[in-house]
Amino acid sequence: MMTVKDLFQLSLTKNFSVVAGYNALHKKIISVGILDFEFTEGIQPMREAAFEPHSLVLSSLLFANQKPELLIETIKELIKLKVSALAYKPVIYEDLPDELLQFANEQDFPILRFGGDEYFEEVIFEVMTYIKSRENDLFLQKNHAVSNRR
């Protein structure tokens with residue numbers, strides 16, 4: 001299992017910073033998704049299958065370009081879908097609006113800011129590799145414990 005806090009142990013994401021939701025860094029991450037172009041027409045309620053529960057969602061926030069009011073609605077939808085955290089690339093918004101950060105803090109929803117010029121694909125690969133290696137370690141530990149009982 002991986003938590004939001006574990007992201008800071010990875011070489012690629014170690015320079016991410018927490019901008020909101022500090023009290024919820026214990027939330028688990030089991031998958032990664034991207035939120036960008038799909039919602040350029042605005043946030044309709046997201047499909048149930050848009051993001052898996054306990055996922056890390058990556059975004060440049062392009063869908064909210066010139067429309068900062070979409071940001072809180074987006075966070076509300078991500079919370080409904082049980083997403084664990086949002087990590088944004090500061091290309092459209094260098095800093096997020098104070099009311100969004102306050103809302104995320106009230107809801108214990110972590111928002112992370114990319115530390116540099118990390119690519120979404122590289123973040124997805126590194127996070128999923130970490131998750132798979134932890135699952136493999138756990139599997140091997142369980143098998144070892146079972147074989148020792150025989």
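This is a short talk on the fold, the packing and a few single residues of one protein chain.

The model is predicted, so local features are given only at pLDDT of at least 70 and side-chain atom pairs count only at pLDDT 80 or more, while totals for chains, interfaces and linings use all residues. Residues are numbered from 1 along each chain as its sequence is written, and side-chain values use heavy atoms, with hydrogens and water left out.

I start with the overall layout. The protein chain has three helices and seven strands. Helices here are DSSP runs of H or I with at least four residues, strands are runs of E with at least two, and both are numbered from the N terminus. Read from the N terminus, the order is β-β-β-β-β-α-β-α-β-α.

Of the 150 residues, 47% count as buried. Buried means under 20% relative accessible area, exposed means over 50%, and partly exposed is in between, with a 1.4 Å probe and protein chains only. The accessible surface comes to about 8500 Å², and 53% of that belongs to carbon and sulfur atoms. Those areas come from the Shrake-Rupley method with a 1.4 Å probe, and for residues only the protein chains shown count as cover.

On contacts, meaning heavy atoms within 4.5 Å, take the pairs at least 6 apart in sequence: 79% of them join residues at least 24 apart.

Next, strand S6, residues 85-88. How do its side chains point? Ala85 and Ala87 point one way, Leu86 and Tyr88 point the other way, and all are buried. S6 pairs with strand S5, residues 55-59, in the parallel sense over four bridges. Pairing requires that DSSP finds at least two bridges between the strands. Within that pair, Leu58 has Ala87 as its bridge partner. S6 also runs parallel to S7, joined by three bridges, and there Tyr88 stands opposite Arg113.

Both pairings belong to crossovers. S5, H1 and S6 make a right-handed β-α-β unit, and S6, H2 and S7 make a right-handed β-α-β unit too. Right-handed means that, with the strands pointing away from the viewer, the path from the first strand over the helix to the second runs clockwise.

Ala85 has a relative accessible area of 0%, so it counts as buried. Beyond residues up to four places away in sequence, Ala85 touches Val4, Ser55, Leu56, Val57, Phe109 and Pro110. Ala85 and Leu112 are 27 residues apart in sequence, with their C-alpha atoms 7.5 Å apart.

Now helix H2, residues 98-106. Which of its residues are buried? They are Leu100, Leu101, Phe103 and Ala104. These four cover an arc of only 160° around the axis, so they sit on the same side of H2. The arc is that of the directions from the helix axis to the C-beta atoms. On the other side of H2, Asp98 and Glu106 are exposed. The buried residues pack against strand S2 (17-20), helix H1 (69-80) and strand S7 (111-113).

That leads to the cores. A nonpolar core is a set of buried Ala, Val, Leu, Ile, Met, Phe, Trp, Tyr and Cys residues joined through side-chain atoms within 4.5 Å. The largest has 24 residues, of which Phe51, Leu61, Leu71, Ile75, Leu78, Leu96 and Ile111 touch the most other members. H1, S6 and H2 each supply at least two residues of this core. Apart from it lies another core of 21 residues, including Val4, Leu10, Val32 and Val127.

Last, some residues in loops. Most residues other than glycine have a negative phi. Gln66, which is not a glycine, has a positive phi of about 65°. Gln66 is in the loop between S5 and H1, and its 71% relative accessibility is why it counts as exposed. Lys82 likewise has a positive phi, near 65°. Lys82 lies between H1 and S6 and is exposed at 54%. Asp108, which follows H2, has a positive phi near 50°.

Leaving aside neighbours within four places in sequence, Thr13 is in contact with Leu7, Phe8 and Val123.
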